[in-house]
Amino acid sequence: MRHKALIIGGGISGLSAAYYLSKAGIRPTLLERHARVGGVIQTSVQQGCVLEEGPDGFMAAKPWAMNLIRELGLADQVIGSNDHSRHTYIVKNGKLIPMPDGLMMMVPTKMLPLAETRLFSWGAKIRMGLEIFRQPHGPQPDRSVYEFLLDHYGQECIDYLAEPLLAGVYGGDPREMSVNSVLSRFVEIEAKYGSLTRGALATPRPKSPGGSFLQTLKCGLGQLIEALRPSADVVQADVETVENSGAGLRVRAGGDWLEADHVVIATPAGDAAPVLRTMQPELASLLAGIPYTSSITLSLGYRKNTFDHPLNGHGFLVPRKERKHIFGCTWVGNKFDHRVPDNMVVLRCFLGGDRMPLSDQELVNAALSDLHSIMNLEAEPVFHNVARWPHSMAQYTVGHEKRVARIEELAGRIPGLNLAGNAYHGIGIPDCVRMGQEAATKIIAEYRREPQPA
């Protein structure tokens, strides 16, 4: 049997490709090594609490995830983050300090809150305030995020704002991250205005539908996975290699050869590399060169009547200079409604891959130690949930744009091959949906160009 389309990888990129192919009348077979599909998107429920073991939402300003949700008939399940209570704290000298108002990520746009904050020294505040007078010097070569922000705002801004914010999103090191790939909007602002602050003030902020910065589904993002799963014939199998065949491609999976007109590889880049090594060694080498970091999500559930800390805001971030175990903590019930019953409190803690060897109980103990130190929390959780995500967060290091351009050039020379996933043009759910849809669109266009039998 020859397949019209095979998809390797059952994360959100692969499932999105499957949905759009199936919608066009091309039912794909999806090969996934694990017993479940969804990749890092996984929702569980404990004692009435909805626990996101991976991402808890998606950026509302990027339309692709919401478009897909609407097509799946789940629009009435969408909820937004509670931005009216969206205060985030940064740990400094062991204390929770609120982030100043008026920040566009790490770019200050209001001078009075910057002057009043306890997060920075007066020297740093003056340095950050004077950035508004910088003049443009045109496009610059790719640099690290560290070099870019050090030039604009200085070391303290990196230590107590940029590093914890970016660690929470990318799980990486600003000294290695590509500013062109991670902060492309600010690179454009710098080229036009010179000053990021002046450019941010002059540039309208993207408007989010419904007004919320983040959106999610009432019963968790697992709803999205369940709605997408019927779009493909899912086969649990390890994929060993992809090769050219006379009339297309062939895939060796689970010891069998499968013939296909089109193949979408929607795995992490490191998993795609060995699969393509025989067919295209340079492509495999470039894919293997995209680094990934690991992460752990730990949810702790408490009885509200035993919880001994006020929860005003959405949580806190821990800069590297202050970090012992956890990178940050979200106060789940404040961030989203429909997550936590009135009699419960859920804290969602994040730890780095260096903690992966620890047992679940050791992770819980480490997090409780940090929470006691930072929040003076004495309450004991009544449940915990640990989700480990090894090699799950793609790192866009300096030179990423050129690397991906070469990857796409080489992949484009192989008829029928498509790549999708978080290794290329964005790590969030909307970007992964977009790349899956783009892969499906190419395949659909190929079939529509083929002459139809008389």
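In what order do the three strands of the open sheet stand, and is the pairing parallel or antiparallel? The order is E5-E11-E6, and the pairing is antiparallel. The model is predicted, so that local features need pLDDT of at least 70 and side-chain atom pairs count only at pLDDT 80 or more, while totals for chains, interfaces and linings use all residues. Residues are numbered from 1 along each chain as its sequence is written, and side-chain values use heavy atoms, with hydrogens and water left out.

**View 1. The three-stranded open sheet, E5-E11-E6.** Its edge strands, each pairing on one side only, are E5 (58–59) and E6 (78–80). Strands (E, at least two residues) and helices (H or I, at least four) are DSSP runs numbered from the N terminus. Two strands pair if DSSP finds at least two bridges between them. E5 and E11 (residues 214–217) are joined over two bridges in the antiparallel sense. Phenylalanine 58 has glutamine 215 in E11 as its bridge partner.

**View 2. The seven-stranded open sheet with mixed pairing.** The strands follow the order E8-E7-E17-E18-E19-E16-E20. Strand E8 (95–98) and strand E20 (383–394) are the edge strands, each pairing on one side only. From one strand to the next, the twist averages 25 degrees. Axes are lines fitted to C-alpha atoms, for helices over the stretch in contact, and angles run from 0 to 180 degrees between N-to-C directions. E16 (residues 292–303) and E19 (residues 344–352) pair in the antiparallel sense over nine bridges. In this pair, isoleucine 296 stands opposite leucine 351 in E19. Helix H6 (residues 155–170) packs on the sheet and touches E7 (88–92), E16, E17 (315–317), E18 (326–331) and E20. The direction of H6 makes about 125 degrees with that of E7.

**View 3. Strand E15 and its pairing with E1, E14 and E21.** E1 (residues 2–8) and E15 (residues 256–265) pair in the parallel sense over six bridges. Histidine 3 has alanine 260 in E15 as its bridge partner. E14 (residues 248–253) pairs with E15 in the antiparallel sense over five bridges, and arginine 252 stands opposite tryptophan 257 in E15. The two strands E14 and E15 form a hairpin with two residues between them, and glycine 254 in the turn has a positive phi of about 60 degrees. E15 and E21 run parallel and are joined by three bridges.

**View 4. Asparagine 418 in strand E21 (residues 417–419).** The bridge partner of valine 264 in E21 is asparagine 418. Asparagine 418 counts as buried because its relative accessibility is 8%. Buried means under 20% relative accessible area, exposed over 50%, and partly exposed in between (1.4 Å probe, protein chains only). Neighbours within four places in sequence aside, asparagine 418 is in contact (heavy atoms within 4.5 Å) with Val263, Val264, Ile265, Ala439, Lys442 and Ile443.

**View 5. Glutamate 401 in helix H15 (residues 400–412).** Glutamate 401 has a relative accessible area of 45% and is therefore partly exposed. Apart from residues up to four places away in sequence, glutamate 401 touches Asn180 and Ser181. Arginine 303 is 98 residues away along the chain, and its C-alpha atom is separated from that of glutamate 401 by 48 Å.
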